[in-house]
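This report describes selected features of a predicted model. The sequence and structure are shown first, and the description follows by topic.

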Amino acid sequence: MITHLSGTIEEVRLDKAVIDVSGVGYSFFATPATLSTLTAGQEAKILTHLVVREDAWLLFGFAGSDERDIFSTLITVSGIGPKLALAALAVFSPDELRAAVSSGDLAALTQIPGVGKKSAQRILVEIGDKLGEPAAGETGSTAGIGSAEREEVCHALEQLGWRTPLAQKAVKEAAEANPQAPVPELLRAALQLLGKHHV
């Protein structure tokens, strides 16, 4: 099991990044919150969770143990795969997710793309109090976004399974609601809009 990687960040995209460790490049998927802490050319330590499938080995990276622990707990739920767990952490911060689960807020959980009422109920039943109690959360801030960043947000939504027209509409609405939103917040807002209308 690969538990962490330390090295130089080579590339940062909206849904994944590449870290060079002793001359070997490791690509990993990550949440907007984690990716916003990474800068190409800088040294970083990434906590990881490796998911092994018959057709692929998928590496997921996290800036801190809180996100990784919640991710690891979410993927133990029936029908919740790693990409859906990552989407949950893109829509909600760890403490927001804890609050939704501890209060039994089905409506909040169904804002996660791909999570319907039945999946939300499974999350509540199978996770129970494993996430712990919510504490004070943290928020980040960066400069506003332009058209290039909007295109990257659309690309990330497409990678999560949304069709291009829906992704573009959600990004447009999210950006109009808050034109100075940092990139991670724009993705989160777009995912929440899509979650409200998913079928």
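## Charged pairs around helix α4

At 32% relative accessibility, Asp66 counts as partly exposed. Its side chain meets that of Arg98 in a salt bridge, with an N to O distance of 2.2 Å. Because Asp66 belongs to helix α2 and Arg98 to helix α4, the pair ties together parts that are 32 residues apart in sequence. Arg98 is buried, its relative accessible area being 10%, whereas Asp66 lies between the limits of 20% and 50% and is therefore classed as partly exposed.

Arg188 is buried at a relative accessible area of 16%, while Glu96 is partly exposed at 37%. Salt bridges with shared partners also join Asp66, Asp95 and Arg98 into one network. The count of salt bridges in the model comes to 4.

## Packing of α2 against α4

How do the axes of helix α2 and helix α4 cross? The axes of α2 (residues 65-74) and α4 (residues 94-102) come within 10 Å and cross at roughly 40°. This makes α2 oblique to α4, because an angle under 35 degrees would be needed for the class of roughly parallel. On the α2 side, the contact is made by Asp66, Glu67, Ile70 and Leu74; on the α4 side, by Pro94, Leu97 and Arg98. By class, the contact has 4 nonpolar, no polar and 3 charged residues.

The buried residues of α4 are Pro94, Asp95, Leu97, Arg98, Ala100 and Val101. These buried residues pack against α2, α3 (82-91), α5 (106-109) and α6 (117-127). Just after α4, Gly104 adopts a positive phi of about 65°.

Ala85 is part of helix α3 and is buried, with a relative accessible area of 1%. Not counting residues up to four places away in sequence, Ala85 touches Phe71, Leu74, Ile75 and Ile80. The C-alpha atoms of Ala85 and Ile70 are separated by 8.5 Å, with the two residues 15 apart along the chain. Ile70 and Leu74 are also among the α2 residues in the contact with α4.

Is Thr31 buried or exposed? Thr31 is buried, and its relative accessible area is 0%. This residue is found in the loop between β3 (24-30) and α1 (32-35). Leaving aside neighbours within four places in sequence, Thr31 is in contact with Glu67, Leu86 and Leu89. Among these partners, Glu67 also takes part in the contact of α2 with α4.

Strand β1 (residues 4-12) pairs with strand β2 (residues 16-21) in the antiparallel sense over 4 bridges. Within this pairing, Ile9 has Ile19 of β2 as its bridge partner. The two strands are joined by a hairpin through 3 residues. A salt bridge links Arg13 with Glu11, with the closest N and O atoms 2.7 Å apart. Arg13 is partly exposed at 39% relative accessibility, and Glu11 is partly exposed at 33%.

Strands β2 and β3 also run antiparallel, and 6 bridges join them. In β3, Phe29 is the bridge partner of Lys16. The hairpin formed by β2 and β3 has 2 residues between the strands, and Ser22 in the turn has a positive phi of about 55°.

Notes
Residues are numbered from 1 along each chain as its sequence is written. This is a predicted model: local features need pLDDT of at least 70, side-chain atom pairs count only at pLDDT 80 or more; totals for chains, interfaces and linings use all residues. Side-chain values use heavy atoms; hydrogens and water are left out. Axes are lines fitted to C-alpha atoms, for helices over the stretch in contact, and angles run from 0 to 180 degrees between N-to-C directions. Angles under 35 degrees count as roughly parallel, over 145 as roughly antiparallel, 65 to 115 as roughly perpendicular and the rest as oblique. Contact means heavy atoms within 4.5 Å. Ala, Val, Leu, Ile, Met, Phe, Trp, Tyr, Cys and Pro count as nonpolar, Asp, Glu, Lys and Arg as charged, and the others, Gly among them, as polar. Buried means under 20% relative accessible area, exposed over 50%, partly exposed in between (1.4 Å probe, protein chains only). Two strands pair if DSSP finds at least two bridges between them.
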